[in-house]
Structures are given as structure tokens and as C-alpha cells.
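Me: I'm new to reading protein models. Could you walk me through one, feature by feature?

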Amino acid sequence: MSPFRSIEALQTACRTLPAPDESARAAIGLREASLTKPAGSLGRLEKLVAWYGAWREPCLDRVDICLFAGNHGVLEQGVSAWPASVTAAMIENFRQGGAAINQLAREARAGLHVITLGDLVPSADLTRAPALTQEQFLDAVSTGYQSVPPMTDLLVLGEMGVGNTTAAAALAAVLFGGDGAAWAGRGAGLDDEGIQRKIEAIDRALSLHGRDHSPLESARRYGGWELAALLGAMLGARHQRIPVLLDGFVVTAAVAPLALLDPSGLDHGYLGHCSQERGHRQLADRLGFEPLLDLELRLGEGSGAALAVPLVRAALACHNGMASFDDIAVSNQSHHKITT
Ligand SMILES: O=C(O)c1ccc[n+]([C@@H]2O[C@H](COP(=O)([O-])O)[C@@H](O)[C@H]2O)c1
Ligand SMILES: Cc1cc2nc[nH]c2cc1C
């Protein structure tokens, strides 16, 4: 059964969030300080452990990648270098194991789940109408919410959808201000004329719908199928206290409404990487995210977040496996002295 049957019920769920466990975070800090290394010398790996441990026992057995896929009516405006049929072709590729994410999931020892939204029927063209009806939006959010594997220790969010960088840029513009030119990028390889069409399409959408909407209504009007499901999955993970690695520009824009509904709404998330897509860095800054990696990726499909999984594993392995100074019988004073 669909968990969200009204926008009000969804909004309430977005504002009734479990808090991080501050005593667990403090205990991790104490152990970290006792380990056989100079304080702080594992840098951001230490922050990563503290973040993870505030949500869940710091132990990573099971990792799952959820890829949400959908199509976009705004493609009619000539905003992508690719036709909508590539979405279905790539879903088949994911199933056959031939995509980049299949290789990266195997390397990360992660399960891969592909969730298709709306039977790949395109959302409405957001330059002419809201991308989704209320019912479609609630169904897609509910699907995302219910897709989170309950036993997972780390959820990786990714997406596939030709045209979705236009939806993501329009959503970022309405949530954070700025016009098409401030947020439009090359997506999956647009040329200069294509970018101009994309900028104009976003500006037309902004003048059609206006900016005076709640974050969820903005997600419904500008986002589309897989963006709504990503929002639902991020919310579902939070309600189960499952830490999340976010992928690129599209995933970050899709979950951003949660931060506007509750300032802590994305605190169970970490940004796996900074995408080359124009706008991702400024979106990350607006949300206070420090991306773990910057490998100049611009693929989507969860690739940048999957690459960050080994970093989380490594950070937790150090925290759990290292000896303390007590274990090796070196006191904090005497370890400064080589001889006595
Ligand atoms: O999320 C990103 O950072 C990202 C950057 C560039 C491309 N993409 C992927 O490219 C597709 C959308 O590109 P486009 O140009 O058709 O809007 C979609 O399938 C995304 O997974 C995604
Ligand atoms: C080929 C291709 C692969 C992708 N993977 C994620 N988004 C994509 C977009 C395209 C066009």
C-alpha cells in the first residue's frame, strides 16, 4: 500500500525525522582519540566515521545501490543530445551487466537494484504543465520510499533518465534562486545550441509555474518520475536510520526539497562526489555538502557515489580495527619520548 496518499501526509513525514544519535557520535570521538595515530591525522575519514556512527552501528556489511529511472516530456524542447529510447536501452544494459555502474557495484561489493518509474511513459513537458500530477508524484515518492532495502547498512542513490538534467536544473533554480543560465549544464553531452535551448526551456518553465511553491510542490512541477522516487528513497532511508551516499547533480537536486522542509533533512546523507555537471558544486555548497571525490565524472547512474563506498569501508575499518595507545602500552605522555 502506498505510504503517502496526500501531500500533507508526505509533508508531515518530511518534518518528523529521527535525529542523529549524539551519544553514539561522542563515543566514536572518544575511541577515535584513543587510536594509535596523531589526533585528527585520518582527516576526513574521521568525520566520515562520526557521521556514519550517528545513524547506525559503525559496521558495514551490506551495501545497496538503488537506481531510479524515468523519462521526461521536456525532451520535446530539444534539451538532450539523446533520445528517450536510451533510457530503456540503458535499463536493459544495467540488467545485462554492461554499464559502468555494474562494474563499480561489483568493485564496491554492493547489490544493484534498478527501479523503473511510470512504465517509462514520459512526465509532462515542464515548460507547458506540471511534470507530474499529484497522484503520479505521490506514487513515485511512495515507490522510492518502499524501495530502500531494510537490511542495508549503506544506501547509494543513482538515476537514469534522458532529459533529467533539465528537470534537475529547473528544480535547483526554483529552490535556490537563479535562472536557466545559472543552472543549466551539458548533461549527457549537449552542444552550445542545445544548452541555449535548455536555458530557454528552464526560463519558460520558471515563468509558467512561478517560484511561489512549497518545496514538495516544486518537486512535483519541475522534477519528474525518478526525481520524485529519489526524494522518497532519501526520506525512507532516514526513517530507517540508514546512511546514504548521494551521486551527482540530478540526485542532489532531487533530494534538496527535504533540506528546505527540515534543515536537518539531509543529515543522514554524504555527497559521494562532485559531478562535472555545471551547477553541482554550487548546489553542494548551498546544501553544506563536502563531496568525498572529484574525479571529473559526469555520468550519473550512481557511479560517483559507488566509487566512494570503499572510502566509507576504509574509514570504518580503521576505526574498528586499529589498536589504541592503551593496547600497545604507550601512554600519551611517554610516546613522545623515544628513550627514557
Ligand atoms: O547527475 C549528474 O551529475 C549527471 C551529469 C551528466 C549526465 N547525467 C546523466 O545523463 C542523463 C541526463 O542527461 P541529459 O543531457 O539527457 O539531461 C541521465 O541519465 C543522467 O544519469 C547525470
Ligand atoms: C549512454 C548514456 C548512459 C548513461 N548513464 C547514465 N546516464 C546516461 C545517459 C546516456 C546517454
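Me: What share of contacts between residues at least 6 apart in sequence join residues at least 24 apart?
Reply: Start by asking how far along the chain the two partners of a contact sit. In this predicted model, of the contacts between residues at least 6 apart in sequence, 80% link residues at least 24 apart.

Me: How does the radius of gyration compare with that of a compact globule?
Reply: You check the value against what the chain length would give. For 340 residues a compact globule would have a radius of gyration near 20 Å, and this chain has 21 Å, so the two agree. Its C-alpha trace spans about 80 × 40 × 40 Å along the principal axes.

Me: And what about the inside: how many of the residues are buried?
Reply: Here you count neighbours around each residue. Of the chain's 340 residues, 51% count as buried. The largest nonpolar core has 102 residues, and helix 11 (residues 225–239) gives the most to this core, 10 residues. Ala 306 is among the members touching the most others; leaving out residues up to four places away in sequence, its contacts include Ile 65, Leu 104 and Val 156.

Me: Which classes of residue make up the shells around ligand 1 and ligand 2?
Reply: List the surrounding residues, then sort them by class. Ligand 1 has 22 residues around it, with Ser 80, Gly 187, Gly 248, Ser 275 and Gly 300 the closest. Helix 7 gives the most to that shell, 3 residues. By class, the shell has 7 nonpolar, 11 polar and 4 charged residues. Around ligand 2 you'll find 6 nonpolar, 1 polar and 1 charged, including Trp 82, Met 160 and Glu 301.

Notes:
Residues numbered from 1 in each chain as written. Chains lettered and ligands numbered in written order. Predicted model: local features only at pLDDT ≥ 70, side-chain atom pairs only at ≥ 80, totals over all residues. Near = placed C-beta within 6 Å. Nonpolar A, V, L, I, M, F, W, Y, C, P; charged D, E, K, R; others polar. Helix = DSSP H or I, 4+ residues; strand = E, 2+ residues; numbered from the N terminus. Core = buried A, V, L, I, M, F, W, Y, C linked by C-beta atoms within 7 Å. Buried ≥ 20, exposed ≤ 12 C-beta atoms within 10 Å, placed from the backbone. Contact = placed C-beta atoms within 7 Å. Rg over C-alpha atoms; globule rule 2.2 N^0.38 Å.
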